[in-house]
Amino acid sequence: MSRSDSPFGTAPTPWRGVSFEERMATVDFRTGERAHITVDSEVCRSCTTQVCVTACPADLFAPTADGGILFNYEECFECGTCYMVCDNEGAITWTYPDGGDGVVFHHG
Amino acid sequence: MVTPMGPGPDEPDAFDAVVVGAGPAGSAAALALARAGRSVVIVERGPFPGSKNVYGGVVYGRVLDGIVPDWWEEVPVERWVVRRSTMMMTGSQSLSIDYRSDAWGAPPFNGMTTLRSRFDTWMAAKATAAGARLLTSTVATGLVRDGVGRVVGVRTDREGAALGAKVVIACDGVNSFLAKEAGLLPPAEASHHTLGVKEVLELPREVIDDRFGLRPHEGVDIEMIGCTRGIPGGGFLYTNADTVSVGVVASLPHLAESKVRPEELIADVKGHPAIAPYLRGASLREYSAHLIPEGGYDTMPPLAVDGMVVAGDAAAMTLAAGLWLEGVNFAIGSGFAAGRAVDRAIAGGDCSARGLRSYRADLEGQFVLADHKRLRKAPSLLLSDRVQQRYPGLLCDLAEGMFTVTNPAPKPGGLRVTRSAAARHGVTLRQLAADTVRGLRIFG
């Protein structure tokens with residue numbers, strides 16, 4: 001079985017139908033002015049896997065036409081997945097947002 | 001390295017201890033110190049305790065017995081877990097081991113579902129009531145060291161102010177930048193971590209009672225294996241008072257390699273025929289994600305350096321051993337032990353790593369490190385290919401073979417059904433026997 005195929009079929013259910021925007025709209029983000037993620041797109045251009053794009057649960061990373069990575073720091077769960085899975089040292093620099101900024105989980 | 005510390009930093013406002021992170025580890029550490037009469041401040045980067053935290057989840061309360069007597073009378077509980085189910089699944093099958101206990105629904109209870117915004121706030125309030133100070137919306141941005149490299153405080157993002165202390169207790173979670181700065185954790189090590197993603201879904205309280213066979217205030221904990229498209233990990237479902245938490249944990253490197261998006265794995269679980277009817281008509285209240293340190297004993301950092309100890313997820317204390325998935329109790333146990341060890345070190349005038357070594361000895365003498373050490377080989381067995389990709393389907397087919405009535409053909413017999421199910425999933429009986437022995441050695 002290919003991992004990209006769901007074994008559960010593709011029949012739409014009311015719950016599968018939650019769009020990503022609706023999903024993210026349920027989360028309380030208090031976006032700060034300082035970007036707590038920076039990406040060195042020069043490094044990303046040499047990256048063949050760009051695994052951050054699919055692994056990030058907030059979908060903050062997008063490949064660009066010239067092989068780089070475009071990213072958002074707003075609406076970040078601050079989980080750390082991106083820098084943990086990154087194959088290229090120095091591509092992603094990640095710190096915590098400033099105190100009080102960023103995601104606020106109410107049902108975590 | 002082992003030079004005993006002097007009287008402490010010379011700033012007049014120096015604390016006996018600075019605790020970084022107001023999660024259960026940090027609040028337990030601060031509580032222990034405050035009760036011992038030590039001056040202690042907790043630095044929390046979120047606007048309130050728990051605001052950055054996500055878990056499944058269930059808190060197992062036994063660890064609280066010695067810390068907050070009759071804690072169950074005041075803890076912000078959602079439901080008391082009386083049903084514990086382990087579900088092995090394929091796309092169209094499921095086989096559950098489902099245990100129910102009346103005893104778990106009465107004092108002193110076993111496990112409870114609760115939400116971290118409430119539970120962590122409650123724990124932090126215990127610490128502040130005992131005299132600890134809590135600074136929220138404040139990031140500890142780095143360590144302050146003295147001339148010989150001992151940790152003597154933390155820098156913060158509050159106008160660059162530093163907090164001096166005899167000891168820093170790093171309870172700053174799975175990404176612990178303080179443990180990384182101290183050289184205790186590698187900068188990034190995906191293979192020791194899983195990503196947990198969770199949806200909290202709204203359902204009326206009575207609907208939850210009816211669908212899950214629960215009486216008021218009773219809850220269920222369902223753990224799933226075989227629902228993550230072969231990516232090592234599993235699914236979970238926990239009932240809260242008027243919400244249900246459903247989610248998936250997935251091995252980080254395997255998730256990354258698979259290029260499957262995390263929310264797709266939750267959609268699989270929610271759409272499974274054994275789960276979907278539970279959730280009919282539920283609406284999404286909150287989506288969340290968090291990393292989990294699942295490497296266990298062999299991936300834990302050293303627990304102390306001169307002037308600093310590490311507890312909770314920052315020390316990889318989460319127990320992810322398949323049958324047992326526990327984190328908050330390990331955080332509380334390690335944090336409280338850290339606080340007591342720091343008190344002893346201050347009393348003895350030696351806050352070096354040597355002076356702080358009673359911390360580790362304490363943990364080895366109780367469940368925190370005893371369980372981790374005993375189950376040190378569990379994570380690799382449970383995340384192995386056969387357990388993840390073959391056994392759920394094998395066991396489901398075994399159940400199907402045993403329970404499908406084949407009239408007019410006679411019943412096939414257990415050995416034949418087992419052989420056939422094993423062969424269908426590419427497992428030899430020798431491998432099955434070897435894994436059984438391996439499992440017994442770990443869990444027996």
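**A predicted model of chains A and B**

Buried residues make up 37% of the 108 residues in chain A, a residue being buried if 20 or more other C-beta atoms, placed from the backbone, lie within 10 Å of its own, exposed if 12 or fewer do, and partly exposed in between. This is a predicted model, in which local features need pLDDT of at least 70 and side-chain atom pairs count only at pLDDT 80 or more, while totals for chains, interfaces and linings use all residues. Residues are numbered from 1 along each chain as its sequence is written, and chains are lettered from A and ligands numbered from 1 in the order in which they are written.

Chain A contains four helices and six strands, where helices (H or I, at least four residues) and strands (E, at least two) are DSSP runs numbered from the N terminus. Read from the N terminus, its elements follow the order α-β-β-α-α-β-β-α-β-β. Of the contacts in chain A between residues at least 6 apart in sequence, 67% join residues at least 24 apart; two residues are in contact if their C-beta atoms, placed from the backbone, lie within 7 Å.

The model scores ipTM 0.94 and pTM 0.94. In chain B the mean pLDDT (the predictor's confidence in each residue, from 0 to 100) is 95, and 97% of the residues reach 70 or more. Over residues 1–10 of chain B, however, pLDDT stays under 50. Where pLDDT is low, the predicted coordinates should not be read in detail.

Where the chains meet, chain B contributes 56 residues and chain A 36 residues. On the side of chain B that touches chain A, α2 (116–129), β11 (193–202), α5 (252–258), α6 (262–271) and β15 (283–293) each supply at least two residues. The largest share of that side, eight residues, comes from β15(B).

Within chain B, helix α1 (residues 24–35) packs against helix α7 (residues 328–347) at an angle of about 30°, with their axes 7 Å apart. Such axes are lines fitted to C-alpha atoms, for helices over the stretch in contact, and angles run from 0 to 180 degrees between N-to-C directions. Residues making this contact include Ala28(B) and Leu31(B) of α1(B), and Ile332(B) and Phe336(B) of α7(B).

Val249(B) lies in strand β14 (residues 243–251) of chain B. Val249(B) counts as buried because 28 other C-beta atoms lie within 10 Å. Leaving aside residues up to four places away in sequence, Val249(B) touches Thr194(B), Leu195(B), Gly196(B), Gly233(B), Gly234(B) and Ile292(B).
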